Amino acid sequence: MAKSLLILTGHSQGLGRAILDTYLQKRNFEILAISRTCLGLDFPQLKEISLDLSELDKLEKVLETLFPKGDFEEIHLINNAGWIGEIKPVGKLNPSNLKKLMSINLLAPICLTNAFVAAYQNQNSKRIVCNISSGAAQKPVSGWSEYCSSKAALAMFSMVCEKENEHTGIRFFSLAPGIVDTGMQDQIRSVDEKDFPDLERFKSYKSQGALSSAQAVSQKISYLLSNPEKFEGVLQDVRDFELT
Ligand SMILES: NC(=O)c1ccc[n+]([C@@H]2O[C@H](COP(=O)([O-])OP(=O)(O)OC[C@H]3O[C@@H](n4cnc5c(N)ncnc54)[C@H](OP(=O)(O)O)[C@@H]3O)[C@@H](O)[C@H]2O)c1
């Protein structure tokens, strides 16, 4: 079977962990997985790298050598690592947290995408960059000004990339995963209501079983990346399609 390649950020837990498991089952994918935490999983096709994506100078140092060379049938980059940040209204924001959030959610994905295009633009393989976005990229949520802004900017970045890459054939998606039962949702439900007026709504998603499982969402992400020709446009939402 011909070899393919996945580069995945934020694989250590939540949605990223489920995406990792989905791709490990494919067997033909070599996987480069980046988070601060390495899981120590023993799979010959998996290489884990411990990297704090909020430290852009460290990311910059490894970027040139990060992407494996070689002939791959498919190459996928999934910029999944993300942070909800400190949930607070504007006026109470902390600049150092803001810098950290923008680095993880926006600047690191931009740097990784830039290096991906540089490394693979002249290949014939099926190449896809999938930036994990959020409904919050388009819908303002009180207390999430930093998070909403970072995801909106990442969506626009993805659209510019798609426009620039008509001639290289690289596809770009900005994909909203829906509301997923992960540590990020735990963090959202633990915030003070003073800073987050929608707290009760998010608690009720959990109590009413309205959250998607990370496994179900990872199956949809895998479907999108396996069938990009079925999806027109950059902005996608897993809630808009079913597995067929
Ligand atoms: N859960 C939802 O309802 C929801 C909704 C919309 C969008 N999303 C998006 O989905 C993606 C995954 O979120 P999730 O819910 O799975 O979150 P999560 O459970 O909090 O997991 C976040 C992942 O990102 C990694 N990460 C965080 N900070 C990092 C850093 N500084 N450097 C490197 N890696 C870092 C974490 O690994 P380490 O801690 O090991 O570094 C972890 O693997 C995010 O982009 C999020 O914005 C989630």
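User: Which ligand atom is 2.8 Å from a polar backbone atom of valine 180?
Analyst: In this predicted model, the atom that lies 2.8 Å from a polar backbone atom of valine 180 is an oxygen of the ligand.

User: How much of the ligand does the protein bury?
Analyst: Taken alone, the ligand exposes 880 Å², and the protein buries 94% of that area.

User: What about leucine 15 and glutamine 13, which parts of them face a ligand oxygen?
Analyst: For leucine 15 it is a polar backbone atom, which sits 2.8 Å from an oxygen atom of the ligand. For glutamine 13 it is an N or O atom of the side chain, and here the distance to a ligand oxygen is 3.2 Å.

User: And which residues come nearest to the ligand?
Analyst: There are 30 residues around the ligand, and of these Ser12, Thr37, Asn80, Tyr147 and Thr182 come nearest.

User: Switching to the inside, which residues touch the most other members of the largest nonpolar core?
Analyst: That core has 44 residues, and the ones that touch the most other members are Ile7, Phe67, Phe116, Trp144 and Phe196. Several elements each supply at least two residues of this core, and they include the strands E1 (4-9), E2 (29-35) and E4 (74-79) as well as the helices H2 (56-66), H3 (95-120), H4 and H6 (199-207).

User: Which element gives the largest share of it?
Analyst: The largest share of this core comes from H3, which contributes ten residues.

User: OK, now the outside. Which residues form the nonpolar patch on the surface?
Analyst: The patch is formed by Met156, Met159, Val160 and Leu235, and together these residues have about 320 Å² of accessible area. Helix H4, which covers residues 145-164, provides the largest share of the patch, with three residues.

User: Where does methionine 156 sit, and why is it called partly exposed?
Analyst: Methionine 156 is in helix H4. It is called partly exposed because its relative accessible area is 48%, and that term covers values between 20% and 50%.

User: New topic: how many salt bridges does a search of the whole structure find?
Analyst: The search finds twelve salt bridges. One of them joins arginine 17 and aspartate 21, whose closest N and O atoms are 3.4 Å apart.

User: How far apart are arginine 17 and aspartate 21 in helix H1?
Analyst: They are four residues apart in helix H1 (residues 14-26), so about one helical turn separates them. Arginine 17 is partly exposed, with a relative accessible area of 28%, and aspartate 21 is also partly exposed, at 29%.

User: Which residue does glutamate 55 meet in a salt bridge?
Analyst: The side chain of glutamate 55 meets that of lysine 58, with a distance of 2.8 Å from N to O. Glutamate 55 counts as partly exposed at 29% relative accessibility, and lysine 58 counts as partly exposed at 46%.

User: What about lysine 88 and aspartate 195, what distance separates N and O there?
Analyst: Their side chains meet in a salt bridge with an N to O distance of 3.2 Å. Lysine 88 lies in the loop between E4 and H3, while aspartate 195 lies in the loop between helix H5 (183-189) and H6, so the pair ties together parts that are 107 residues apart in sequence.

User: Is aspartate 195 buried or exposed?
Analyst: Aspartate 195 is buried, with a relative accessible area of 6%, whereas lysine 88 counts as partly exposed at 21%. Both belong to a network of salt bridges that links Lys88, Lys92 and Asp195.

User: Asparagine 131, buried or exposed?
Analyst: Asparagine 131, which lies in strand E5, is buried, with a relative accessible area of 1%.

How values were computed
Residues numbered from 1 in each chain as written. Predicted model: local features only at pLDDT ≥ 70, side-chain atom pairs only at ≥ 80, totals over all residues. Heavy atoms only, no water. Patch = residues over 30% accessible without salt bridge, like charges linked within 9 Å, V, L, I, M, F, W, Y side chains within 5 Å. Areas by Shrake-Rupley, 256 points an atom, 1.4 Å probe, with all protein chains shown as cover. Salt bridge = Lys/Arg side-chain N within 4 Å of Asp/Glu carboxyl O. Buried < 20%, exposed > 50% of the residue type's maximum accessible area, 1.4 Å probe, protein only. Near = heavy atom within 4 Å. Polar contact = N/O pair within 3.5 Å; in protein donor to acceptor, adjacent residues only side chain to side chain. Core = buried A, V, L, I, M, F, W, Y, C linked by side-chain atoms within 4.5 Å.
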